[in-house]
Amino acid sequence: MSQTQLFALQGLSCMNCAKKVKTALEARSDIELAQLNNPRYAKVTGDADAQAIISTVEQAGYHATVAGVPDVELALSGLSCSHCTASVTKALEAVAGVDAVEVSLTDAKVYGSADPTTLINAVIAAGYEASLASGESYPKTEPLTQSATANSTAPQAPETLAAAETTSPATATPNASDNDDSVQLLLDGMSCASCVLKVQNALQSVPGVQQARVNLAERSALVTGHSDPDALIHAVEKAGYGAEIIQDEEKRRARQQESAEKSVKKFRWQAALGLGLGVPLMAWGYSVERWSSRRVTRITG
(Lines give C-alpha, C1' and ligand atoms only; values in the text may rest on other atoms or scores of the structure.)
Protein backbone atom coordinates (compact mmCIF):
# COMPACT_ATOMS: atom_id res chain seq x y z
CA MET A 1 0.00 0.00 0.00
CA SER A 2 1.37 3.39 -1.02
CA GLN A 3 2.37 5.68 1.83
CA THR A 4 4.37 8.86 2.37
CA GLN A 5 7.27 8.78 4.84
CA LEU A 6 9.70 11.45 5.99
CA PHE A 7 13.38 10.76 6.59
CA ALA A 8 16.15 12.85 8.15
CA LEU A 9 19.33 12.74 6.06
CA GLN A 10 22.97 12.95 7.14
CA GLY A 11 26.12 13.41 5.11
CA LEU A 12 24.63 15.56 2.35
CA SER A 13 26.30 18.93 1.86
CA CYS A 14 24.52 20.40 -1.17
CA MET A 15 21.65 19.99 -3.62
CA ASN A 16 23.86 17.86 -5.87
CA CYS A 17 23.99 15.33 -3.04
CA ALA A 18 20.22 15.61 -2.69
CA LYS A 19 19.81 15.00 -6.43
CA LYS A 20 21.95 11.88 -6.16
CA VAL A 21 19.76 10.50 -3.33
CA LYS A 22 16.58 11.40 -5.21
CA THR A 23 17.81 9.56 -8.32
CA ALA A 24 18.72 6.47 -6.28
CA LEU A 25 15.33 6.39 -4.54
CA GLU A 26 13.23 6.95 -7.65
CA ALA A 27 15.15 4.18 -9.44
CA ARG A 28 13.30 1.71 -7.21
CA SER A 29 10.11 0.28 -8.70
CA ASP A 30 8.33 0.49 -5.33
CA ILE A 31 8.91 4.26 -4.96
CA GLU A 32 6.62 6.65 -6.82
CA LEU A 33 8.17 9.96 -5.76
CA ALA A 34 11.09 11.25 -3.69
CA GLN A 35 11.00 14.93 -2.69
CA LEU A 36 14.19 16.58 -1.46
CA ASN A 37 13.71 20.34 -1.16
CA ASN A 38 16.95 20.57 0.81
CA PRO A 39 19.81 18.24 1.82
CA ARG A 40 18.34 17.60 5.28
CA TYR A 41 15.07 15.75 4.67
CA ALA A 42 13.52 13.40 2.11
CA LYS A 43 9.79 12.81 1.71
CA VAL A 44 9.23 9.47 -0.01
CA THR A 45 5.96 8.16 -1.46
CA GLY A 46 5.50 4.53 -2.49
CA ASP A 47 5.19 0.94 -1.30
CA ALA A 48 8.77 0.61 -0.03
CA ASP A 49 9.19 0.12 3.71
CA ALA A 50 11.35 2.39 5.85
CA GLN A 51 14.31 0.00 6.08
CA ALA A 52 14.45 -0.45 2.31
CA ILE A 53 14.52 3.32 1.83
CA ILE A 54 17.26 3.75 4.43
CA SER A 55 19.32 1.01 2.75
CA THR A 56 18.98 2.72 -0.62
CA VAL A 57 20.21 6.02 0.82
CA GLU A 58 23.17 4.24 2.43
CA GLN A 59 24.03 2.58 -0.90
CA ALA A 60 24.15 6.07 -2.40
CA GLY A 61 26.83 6.95 0.18
CA TYR A 62 24.78 8.76 2.81
CA HIS A 63 22.77 8.04 5.95
CA ALA A 64 19.06 8.29 6.75
CA THR A 65 16.74 7.76 9.71
CA VAL A 66 12.99 8.03 10.07
CA ALA A 67 12.21 11.65 11.03
CA GLY A 68 11.68 12.02 14.77
CA VAL A 69 9.68 14.54 16.80
CA PRO A 70 8.80 17.66 14.75
CA ASP A 71 10.07 21.07 15.83
CA VAL A 72 6.53 22.51 15.62
CA GLU A 73 3.22 20.66 15.54
CA LEU A 74 0.04 22.50 14.53
CA ALA A 75 -3.60 21.54 14.96
CA LEU A 76 -5.51 22.36 11.76
CA SER A 77 -9.18 22.90 10.93
CA GLY A 78 -11.09 23.71 7.78
CA LEU A 79 -9.34 21.11 5.59
CA SER A 80 -11.55 18.63 3.76
CA CYS A 81 -9.58 17.09 0.88
CA SER A 82 -6.17 16.47 -0.65
CA HIS A 83 -6.31 19.87 -2.36
CA CYS A 84 -6.57 21.49 1.08
CA THR A 85 -3.57 19.58 2.43
CA ALA A 86 -1.58 20.49 -0.69
CA SER A 87 -2.43 24.18 -0.22
CA VAL A 88 -1.35 24.12 3.44
CA THR A 89 1.82 22.19 2.59
CA LYS A 90 2.75 24.75 -0.07
CA ALA A 91 2.05 27.64 2.32
CA LEU A 92 4.18 26.15 5.11
CA GLU A 93 7.07 25.16 2.84
CA ALA A 94 7.26 28.78 1.66
CA VAL A 95 8.02 29.99 5.21
CA ALA A 96 11.68 30.78 5.85
CA GLY A 97 13.36 28.22 8.09
CA VAL A 98 11.09 25.28 7.16
CA ASP A 99 13.03 22.15 6.19
CA ALA A 100 10.18 19.66 5.81
CA VAL A 101 6.44 19.43 6.37
CA GLU A 102 3.94 16.61 6.89
CA VAL A 103 0.29 17.70 6.59
CA SER A 104 -2.92 15.76 7.23
CA LEU A 105 -6.52 16.98 7.43
CA THR A 106 -6.14 17.62 11.17
CA ASP A 107 -2.51 18.45 11.88
CA ALA A 108 0.81 19.59 10.46
CA LYS A 109 4.28 18.52 11.55
CA VAL A 110 6.98 21.05 10.74
CA TYR A 111 10.72 20.43 10.86
CA GLY A 112 13.15 23.33 10.94
CA SER A 113 13.71 26.63 12.71
CA ALA A 114 10.63 28.56 11.56
CA ASP A 115 8.75 30.72 14.07
CA PRO A 116 5.45 29.08 15.19
CA THR A 117 3.47 32.31 14.86
CA THR A 118 4.73 32.78 11.30
CA LEU A 119 3.67 29.22 10.46
CA ILE A 120 0.20 29.79 11.88
CA ASN A 121 -0.18 33.03 9.94
CA ALA A 122 0.85 31.21 6.76
CA VAL A 123 -1.93 28.64 7.26
CA ILE A 124 -4.45 31.41 7.95
CA ALA A 125 -3.34 33.26 4.83
CA ALA A 126 -4.03 30.08 2.84
CA GLY A 127 -7.64 30.19 4.04
CA TYR A 128 -7.59 27.70 6.92
CA GLU A 129 -7.24 27.77 10.72
CA ALA A 130 -4.32 26.67 12.86
CA SER A 131 -3.13 26.64 16.45
CA LEU A 132 -0.26 25.09 18.33
CA ALA A 133 -0.97 21.46 19.11
CA SER A 134 -0.22 22.28 22.75
CA GLY A 135 -3.53 24.16 22.79
CA GLU A 136 -2.63 27.86 22.64
CA SER A 137 -4.12 29.47 19.55
CA TYR A 138 -2.53 32.15 17.40
CA PRO A 139 -4.08 34.56 16.72
CA LYS A 140 -6.41 34.79 19.71
CA THR A 141 -9.98 34.08 18.70
CA GLU A 142 -11.83 36.38 21.10
CA PRO A 143 -13.76 39.00 19.09
CA LEU A 144 -12.31 42.50 19.18
CA THR A 145 -14.91 44.90 20.63
CA GLN A 146 -15.02 48.53 21.65
CA SER A 147 -15.32 47.68 25.34
CA ALA A 148 -12.39 45.29 25.24
CA THR A 149 -10.12 47.80 23.57
CA ALA A 150 -11.29 50.67 25.77
CA ASN A 151 -10.17 48.77 28.87
CA SER A 152 -6.80 47.90 27.41
CA THR A 153 -3.90 49.90 28.85
CA ALA A 154 -1.55 49.18 25.96
CA PRO A 155 -2.12 48.70 22.24
CA GLN A 156 -2.29 45.08 21.16
CA ALA A 157 0.19 43.64 18.73
CA PRO A 158 -1.31 42.70 15.36
CA GLU A 159 -0.83 38.98 16.08
CA THR A 160 -3.29 39.07 18.99
CA LEU A 161 -6.14 40.83 17.23
CA ALA A 162 -8.96 38.49 16.32
CA ALA A 163 -9.32 37.94 12.61
CA ALA A 164 -12.58 36.82 11.12
CA GLU A 165 -12.18 33.20 12.24
CA THR A 166 -14.91 33.37 14.87
CA THR A 167 -18.49 32.33 14.32
CA SER A 168 -19.70 35.92 14.74
CA PRO A 169 -17.02 38.24 13.41
CA ALA A 170 -16.38 41.50 15.19
CA THR A 171 -17.80 44.67 13.72
CA ALA A 172 -15.50 47.35 12.42
CA THR A 173 -13.84 49.26 15.24
CA PRO A 174 -12.15 52.36 13.89
CA ASN A 175 -10.07 54.22 16.47
CA ALA A 176 -9.87 51.09 18.60
CA SER A 177 -6.96 52.70 20.38
CA ASP A 178 -4.91 55.85 20.09
CA ASN A 179 -2.26 54.06 18.06
CA ASP A 180 -4.24 51.60 15.96
CA ASP A 181 -7.42 51.47 13.84
CA SER A 182 -9.22 48.25 12.92
CA VAL A 183 -11.58 47.97 9.97
CA GLN A 184 -13.65 44.95 9.00
CA LEU A 185 -14.64 44.45 5.37
CA LEU A 186 -17.32 42.24 3.86
CA LEU A 187 -15.95 40.60 0.72
CA ASP A 188 -17.56 39.20 -2.40
CA GLY A 189 -16.28 36.97 -5.19
CA MET A 190 -13.82 34.74 -3.30
CA SER A 191 -14.04 31.00 -3.94
CA CYS A 192 -10.74 29.39 -2.91
CA ALA A 193 -7.52 29.75 -0.93
CA SER A 194 -5.87 31.43 -3.91
CA CYS A 195 -8.53 34.16 -3.76
CA VAL A 196 -7.84 34.61 -0.05
CA LEU A 197 -4.12 35.10 -0.67
CA LYS A 198 -4.78 37.52 -3.53
CA VAL A 199 -7.12 39.68 -1.42
CA GLN A 200 -4.76 39.62 1.56
CA ASN A 201 -1.82 40.72 -0.58
CA ALA A 202 -3.93 43.51 -2.07
CA LEU A 203 -4.93 44.79 1.38
CA GLN A 204 -1.42 44.58 2.78
CA SER A 205 -0.15 46.69 -0.14
CA VAL A 206 -2.27 49.65 1.02
CA PRO A 207 -0.20 52.30 2.84
CA GLY A 208 -0.74 52.25 6.59
CA VAL A 209 -1.89 48.60 6.82
CA GLN A 210 -0.07 46.68 9.55
CA GLN A 211 -1.85 43.38 9.04
CA ALA A 212 -4.75 41.98 7.02
CA ARG A 213 -6.49 38.71 7.81
CA VAL A 214 -8.98 37.26 5.35
CA ASN A 215 -11.54 34.54 6.14
CA LEU A 216 -12.94 32.59 3.18
CA ALA A 217 -15.80 30.90 5.05
CA GLU A 218 -17.25 34.17 6.35
CA ARG A 219 -16.10 36.27 3.38
CA SER A 220 -14.65 38.95 5.61
CA ALA A 221 -11.34 40.65 6.32
CA LEU A 222 -10.00 42.34 9.44
CA VAL A 223 -7.46 45.06 8.70
CA THR A 224 -5.34 46.70 11.40
CA GLY A 225 -3.25 49.82 11.04
CA HIS A 226 -3.82 53.42 9.93
CA SER A 227 -5.25 53.02 6.43
CA ASP A 228 -8.01 54.83 4.55
CA PRO A 229 -11.14 52.61 4.33
CA ASP A 230 -11.83 53.80 0.79
CA ALA A 231 -8.29 52.82 -0.20
CA LEU A 232 -8.87 49.33 1.22
CA ILE A 233 -12.07 48.88 -0.78
CA HIS A 234 -10.36 50.15 -3.93
CA ALA A 235 -7.46 47.71 -3.45
CA VAL A 236 -9.85 44.74 -3.17
CA GLU A 237 -11.83 45.86 -6.21
CA LYS A 238 -8.61 46.32 -8.19
CA ALA A 239 -7.72 42.71 -7.32
CA GLY A 240 -10.99 41.62 -8.94
CA TYR A 241 -13.28 41.21 -5.93
CA GLY A 242 -15.95 43.20 -4.12
CA ALA A 243 -15.72 44.86 -0.71
CA GLU A 244 -17.80 47.07 1.55
CA ILE A 245 -17.84 48.30 5.14
CA ILE A 246 -21.05 47.95 7.15
CA GLN A 247 -21.07 49.20 10.72
CA ASP A 248 -24.53 47.91 11.67
CA GLU A 249 -24.30 44.34 13.03
CA GLU A 250 -27.68 43.17 11.70
CA LYS A 251 -27.07 44.60 8.24
CA ARG A 252 -23.62 43.01 8.19
CA ARG A 253 -25.00 39.55 9.00
CA ALA A 254 -27.78 39.98 6.43
CA ARG A 255 -25.25 40.87 3.74
CA GLN A 256 -23.06 37.89 4.68
CA GLN A 257 -26.07 35.58 4.40
CA GLU A 258 -27.00 37.11 1.08
CA SER A 259 -23.47 36.65 -0.23
CA ALA A 260 -23.39 33.01 0.91
CA GLU A 261 -26.73 32.27 -0.77
CA LYS A 262 -25.53 33.97 -3.94
CA SER A 263 -22.44 31.74 -4.03
CA VAL A 264 -24.56 28.59 -3.54
CA LYS A 265 -26.91 29.61 -6.37
CA LYS A 266 -23.95 30.31 -8.63
CA PHE A 267 -22.47 26.88 -7.88
CA ARG A 268 -25.81 25.14 -8.59
CA TRP A 269 -26.18 27.03 -11.85
CA GLN A 270 -22.67 26.06 -12.96
CA ALA A 271 -23.32 22.42 -12.02
CA ALA A 272 -26.61 22.40 -13.96
CA LEU A 273 -24.93 24.02 -16.96
CA GLY A 274 -22.15 21.45 -16.86
CA LEU A 275 -24.65 18.59 -16.84
CA GLY A 276 -26.75 20.24 -19.53
CA LEU A 277 -23.78 20.47 -21.86
CA GLY A 278 -22.03 17.30 -20.81
CA VAL A 279 -24.87 14.78 -21.23
CA PRO A 280 -25.70 15.72 -24.87
CA LEU A 281 -22.00 15.69 -25.76
CA MET A 282 -21.58 12.24 -24.24
CA ALA A 283 -24.64 10.99 -26.13
CA TRP A 284 -23.34 12.48 -29.39
CA GLY A 285 -19.91 10.92 -28.86
CA TYR A 286 -21.47 7.52 -28.18
CA SER A 287 -23.59 7.79 -31.35
CA VAL A 288 -20.56 8.73 -33.47
CA GLU A 289 -18.58 5.84 -32.04
CA ARG A 290 -21.36 3.34 -32.81
CA TRP A 291 -21.81 4.73 -36.34
CA SER A 292 -18.06 4.47 -36.98
CA SER A 293 -18.02 0.91 -35.65
CA ARG A 294 -20.89 -0.17 -37.91
CA ARG A 295 -19.26 1.45 -40.94
CA VAL A 296 -15.97 -0.35 -40.30
CA THR A 297 -17.87 -3.63 -39.91
CA ARG A 298 -19.63 -3.15 -43.25
CA ILE A 299 -16.41 -2.29 -45.05
CA THR A 300 -14.49 -5.26 -43.66
CA GLY A 301 -17.46 -7.52 -44.20
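User: Which strands does helix H3 lie across?
Analyst: The model is a predicted one. In it, helix H3 (residues 82–93) lies across E5, E6 and strand E7 (107–112). Its direction is at about 165° to E6.

User: What is the order of the strands in the open sheet of 4 strands?
Analyst: The order is E6-E7-E5-E8, and the pairing is antiparallel. Strand E6 (98–103) and strand E8 (129–132) are the edge strands, each pairing on one side only. On average, neighbouring strands of this sheet are turned by 25° against each other, direction ignored.

User: And how many bridges join E5 and E8?
Analyst: Strand E5 (residues 72–77) pairs with E8 over 4 bridges, in the antiparallel sense. Within this pair, Leu76 stands opposite Ala130 in E8.

User: What holds paired strands together in general?
Analyst: Strands of a sheet pair through backbone hydrogen bonds, either parallel or antiparallel.

User: Changing topic: which strands pair with E1?
Analyst: Strand E1 (residues 3–10) pairs with strand E3 (residues 41–46) over 6 bridges, and with strand E4 (residues 63–66) over 4 bridges. The sense is antiparallel for E3 and also for E4. Ala8 has Tyr41 in E3 as its bridge partner, while Gln10 stands opposite His63 in E4.

User: Which residues of H2 are buried?
Analyst: In helix H2 (residues 50–59), they are Ala52, Ile53, Ile54, Thr56 and Val57.

User: What do they pack against?
Analyst: The buried residues of H2 pack against E1, helix H1 (15–26), strand E2 (31–38), E3 and E4.

User: Which residue just after H2 takes a positive phi?
Analyst: That residue is Gly61, with a phi of about 100°.

Notes:
Residues numbered from 1 in each chain as written. Predicted model: local features only at pLDDT ≥ 70, side-chain atom pairs only at ≥ 80, totals over all residues. Heavy atoms only, no water. Pairing = 2+ DSSP bridges. Helix = DSSP H or I, 4+ residues; strand = E, 2+ residues; numbered from the N terminus. Buried < 20%, exposed > 50% of the residue type's maximum accessible area, 1.4 Å probe, protein only. Contact = heavy atoms within 4.5 Å. Axes fitted to C-alpha atoms, helices over the stretch in contact; angles between N-to-C directions.
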